[in-house]
Amino acid sequence: MYARCRAALQRASVSRRFTRRLPILTGLILGLLVWTAVSLRQDSPLFPLSVFGAPKPPPPEPPPERPRLPGMDRPSWEPGMCNVPEIEFLRRPSLELTSNIVYSRRCIKPSRSKSSREAVANITEPLVTTKTKVDLADCSAVELPPCETITLQVPAPYPEKQYRHLMFGVASTYERLFNSLPEFAHWASGTGAQLVITVADARNNVPEGTTRDLTPLEEEYKRYGVSATFLPPSIPYRLGEKDQEGNPVRAPVEQHHFMLVRELYERMIPGVTRWLGVLDDDTFFPSLHLLDEELVRHDHTRPVWLGALSDDFHAVKSWGFMGYGGAGVFLSLPLAEVISRNSEKCLLEATTFTGDGILRDCVYSQSRAGLTLVPGLYQHDIRGDPSGFFESGVLPISLHHWKSWYRAPVAAMSRVATQVCGDCLLQRWRFGNDTLLANGYSITVYSNDLLSTLDLDRVEGTWEHPTRDYDFMYGTLRTKLERSDKKSYRLRDSALDRDPATSAKVFRQVYVYRADEFAHEQEIPSAVDEVIELIWEV
């Protein structure tokens, strides 16, 4: 009896000590949770922004332009002033070449093949055989090197097709929508696909109850052959929120991004529309053919949610498991109907301010659909030099961040797919023992027989901070090479043209090694650009 009483007293004592220390332990645990949420910039239902106030980091500034070498001349030429068609083409403003260049060219005869594009084809002869100095200012006596023909095995062109069953929604500002038109036109012009676009600032700086005139934007898109409907925000303010003075709080673009599902669903064509895509204004499709080939693999008559994660697993850990909007998110009509019907309810209950995050929460709370990951959709959360990705032999369905986190002329790159050879975009060929062509992106010349030692099945980690967080998307990365190890000619522009001698259609790609690319390493005022032009038979 005595022993049982003594044991009971000891348990009570322990309980009292634990009770006294409980507030301390609780404080430590809460502090740890707050610190974790802030440090990870968490944005998931477990760590709602309304509690921890962890803002989404702002997008990085566009990469700064490299300094030009002292005395370097990059003139702007008046079009139509040179009677030599080949030189006139090289004086295009988009190329921004030095007055004098070192020029070489190669003519390519495509041979249709069903062989795998994933293997790097080995061509024993060199790609560049002759180099010539050319003065772009002098059109009187120009001697261009011969255009020797080489045959390359490529896939068949994409079939001509209409995509009226696809609708896409975008929410952005007037200016950004205007500037993004050439890239939208690349994949949407003349395809039958419908765009529904919310102009986020349509109600800004105008009298209450009115909207900005969107007619000039509509007419410009129509001139480019893009079928687009432009709308002011349907819900211009945050639901259920007021500022300190009791006035409604203007809704951010992210809210309009989520509301695109309702805007699209209300304008879908019964019996025709199958898929609704929600995009960022810098989501880019090299071709709708690849996207449509993927979508037909899924049952559009059932509630389906398609998308991709960020390629950076740190972002996934921070922001959660969802379809990241820049890669493109796609909903079947049955799921879109549920989201549309509950859109305002989902806004009121949102635990995040990001459009793709609100959509995730709404899908999970209002339906039993789960995210289906689609290989080939790329959120592209990479900053700096993206060459490792583009030179890896990848065939992307979508690209993102191409004009902010990194720079790439995606429309010029992708024209070879729509004009010449379909899946040949970014297809690779090895010439001789030192040169690698990543079609549409770069021609890279490696030094000291280095090319033969590289594992070209692995992606080179060329961007900023290529940590192991990218392995789950790209596989184990190979180490970034030093600048002295390779010389890269990057695509600057491309166009369908006519051969001046035969009037036959040709497709021109201009790859440039810019003289000021390494201005901080060498100060040579007389440096000139080097140009390799590939001329494809069409």
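This is a predicted model: local features need pLDDT of at least 70, side-chain atom pairs count only at pLDDT 80 or more; totals for chains, interfaces and linings use all residues.
Residues are numbered from 1 along each chain as its sequence is written, and side-chain values use heavy atoms, with hydrogens and water left out. Local features need pLDDT of at least 70 and side-chain atom pairs count only at pLDDT 80 or more, whereas totals for chains, interfaces and linings use all residues.

**Disulfides**

The structure holds 4 disulfides, a disulfide being a pair of cysteine sulfur atoms within 2.5 Å. With the bonded cysteines numbered in sequence order, the pairing reads 1-3, 2-4, 5-6, 7-8. The table lists some of these links.

| Pair | S to S distance | Torsion about the S-S bond |
|---|---|---|
| Cys 107 and Cys 147 | 2.0 Å | about 115 degrees |
| Cys 346 and Cys 362 | 2.0 Å | 70 degrees |
| Cys 421 and Cys 424 | 1.8 Å | about 65 degrees |

The torsion of about 115 degrees makes the disulfide of Cys 107 and Cys 147 right-handed. Cys 107 lies in strand S1 (residues 100–112) and Cys 147 in the loop between strand S3 (132–135) and strand S4 (149–154), so this pair ties together parts that are 40 residues apart in sequence. Here helices (H or I, at least four residues) and strands (E, at least two) are DSSP runs, numbered from the N terminus. Cys 107 is buried, with a relative accessible area of 18%; buried means under 20% relative accessible area, exposed over 50%, and partly exposed in between (1.4 Å probe, protein chains only).

The link of Cys 346 and Cys 362 is also right-handed. Because Cys 346 belongs to helix H11 (residues 343–348) and Cys 362 to helix H12 (residues 355–366), the bond ties together parts that are 16 residues apart in sequence. Both of these cysteines are buried. The disulfide of Cys 421 and Cys 424 is right-handed, and Cys 421 and Cys 424 are buried.

**Nonpolar cores**

A nonpolar core is a set of buried Ala, Val, Leu, Ile, Met, Phe, Trp, Tyr and Cys residues joined through side-chain atoms within 4.5 Å. The largest has 82 residues, and those touching the most other members include Phe 168, Trp 187, Tyr 221 and Trp 536. Helix H14 (residues 410–421) supplies the largest share of this core, 8 residues. Apart from this core lies another, of 34 residues, among them Phe 258, Met 259, Leu 276 and Val 329.

Beyond its neighbours within four places in sequence, Tyr 221 is in contact (heavy atoms within 4.5 Å) with residues including Leu 177, Phe 184 and Phe 230.

Phe 321 is found in the loop between helix H9 (313–319) and strand S12 (329–332). At 41% relative accessibility, Phe 321 counts as partly exposed.
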